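Okay, everyone, thanks for coming. Let me put the structure up, and then I'll talk you through the parts I've been looking at.

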Amino acid sequence: MAREKALEVPSYRDFLCHKLGSEGCELLFAENALKREYGEESTLFTYEKMNSFDNLFSGNYVRPAGGLSDIANAVERSAKRFGVKMYAKEKVKALKRKENMFVVQTDNFTVSTKKLVIAAPSFAFKEITGDLAAQIKSNRLFEAILPQPAFKAVAIYSYPWWENVTSSHYNLTLKPFEIFRSAATCLVDIMPYRHLTKAGSTLSKHDLAKWAKRPFPGEQIYMVGEAYSISPGWNEGALMSAYNALKEGWEIEQPEPYL
Ligand SMILES: Cc1cc2nc3c(=O)[nH]c(=O)nc-3n(C[C@H](O)[C@H](O)[C@H](O)COP(=O)(O)OP(=O)(O)OC[C@H]3O[C@@H](n4cnc5c(N)ncnc54)[C@H](O)[C@@H]3O)c2cc1C
């Protein structure tokens, strides 16, 4: 679509409705529990959502100088100071119960633990096997989570340079071949997910967050992440759920600020 034409549609939602027609649009938004009123302002949904989130946020915004990675790096530094061992490249394949322990399996390790914090978002968690994972997946609150692509990213180039180069020429830390699917002169991908609620569910995000902080009462399992929070799609949601886990599992009411 030409840039001039693109500017005629005020938002991605309007563009979709324009292309899908009224019935397709109804179906799409009914599926996502975001029923659209045709008379509404196109920005109304976003505005209302932002307003409700504003009540949750402290207003004390900080922009990390190095971008969002600064947060992950600070968490890593802080955890290592306490002697935490990290296996960032190990994907959890199975979660099981064995006697009074929880068993975590990756390709290279099997670890038994009395306490378990699950931080994988719901769409990734669905791939994890084992009886414990199955119990979580069969819970109606977990089933009500609707993973949704956050947005589609498109990078347009004058020519498809990636077809002629290998990553070693460019020393790329993020390899486009792994991250993006190539199409013509564009590199395109659906960016990561945020988590809404399935249409028809009567369960609220508050119900979900309450369940996730202790999915099996009396057992030391905690689920954290924006997917299980009242503020899906935001770091704030992930943080709030982590604070819930700290309170539940470690009786830490006031986490220290990270350095
Ligand atoms: C481009 C972009 C911009 C954003 N901008 C903002 C912003 O400005 N402000 C804001 O508040 N939020 C922003 N967000 C959203 C924010 O990044 C997320 O809400 C936040 O990262 C969610 O944290 P999380 O811990 O719940 O999940 P994630 O950050 O997705 O972490 C989940 C982790 O689990 C790992 N994992 C998954 N499956 C397994 C497995 N089987 N075994 C082991 N590990 C596994 C994944 O590799 C991942 O590291 C943005 C997101 C994107 C994509």
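This is a predicted model: local features need pLDDT of at least 70, side-chain atom pairs count only at pLDDT 80 or more; totals for chains, interfaces and linings use all residues.

**Starting from a loop**

So, let's begin at Ile128, which sits in the loop between helix H5 (122–125) and helix H6 (131–137). Helices here are DSSP runs of H or I with at least four residues, strands are runs of E with at least two, and both are numbered from the N terminus. Residues are numbered from 1 along each chain as its sequence is written.

Back to Ile128: is this residue buried or exposed? Ile128 counts as buried, because it has 20 C-beta neighbours inside 10 Å. The cut-offs, with C-beta atoms placed from the backbone, are these: buried is 20 or more other C-beta atoms within 10 Å of the residue's own, exposed is 12 or fewer, and partly exposed is in between. Leaving out residues up to four places away in sequence, Ile128 touches Val92, Lys93, Ala94, Leu95, Ala120 and Ala133. A contact, by the way, means that the two C-beta atoms, placed from the backbone, lie within 7 Å. Then there's Gln105, 23 residues from Ile128 along the chain, with 9.6 Å between the two C-alpha atoms.

Stepping back for a moment, the protein has 11 helices and 10 strands. It runs to 259 residues, of which 15% count as buried. If you take contacts with a separation of 6 or more, 58% of them are between residues 24 or more positions apart.

Now the strands. S1 (94–98) and S2 (101–105) pair in the antiparallel sense over 5 bridges; pairing here means that DSSP finds at least two bridges between the strands.

**H11 and its neighbours**

On to H11, which covers residues 235–250. This helix has 16 residues and reaches 21 Å from its first C-alpha to its last, close to the 22 Å expected at 1.5 Å a residue; that expectation is 1.5 Å times one less than the number of residues.

Which residues of H11 are buried? They are Gly237, Ala238, Ser241, Asn244 and Ala245. They're on the same side of H11, because they cover an arc of only 120° around the axis, taking the arc as that of the directions from the helix axis to the C-beta atoms. The face turned away from that buried side carries the exposed residues Asn235 and Trp250. As for what covers the buried residues, that includes strand S4 (116–118), helix H10 (205–212) and strand S10 (221–223).

Glu236 is also in H11, and it's partly exposed, with 16 other C-beta atoms within 10 Å. Glu236 and Glu226 are 10 residues apart in sequence, and their C-alpha atoms are 7.6 Å apart.

Glu251 has 7 C-beta neighbours inside 10 Å, so it counts as exposed.

H10 has buried residues too: Leu208, Ala209 and Ala212. Their arc is only 95° around the axis, which puts them on the same side of H10. Covering them are, among others, helix H7 (140–143), S10 and H11.

**The ligand**

Last stop. How many residues surround the ligand? There are 18, and the closest are Val92, Ala124, Gly225, Asn235 and Ala238. To count as near, a residue needs its C-beta atom, placed from the backbone, within 6 Å of the molecule. H11 gives the largest share of that shell, 3 residues.

By class, the shell has 12 nonpolar, 3 polar and 3 charged residues. Nonpolar here means Ala, Val, Leu, Ile, Met, Phe, Trp, Tyr, Cys and Pro; charged means Asp, Glu, Lys and Arg; the others, Gly among them, are polar.
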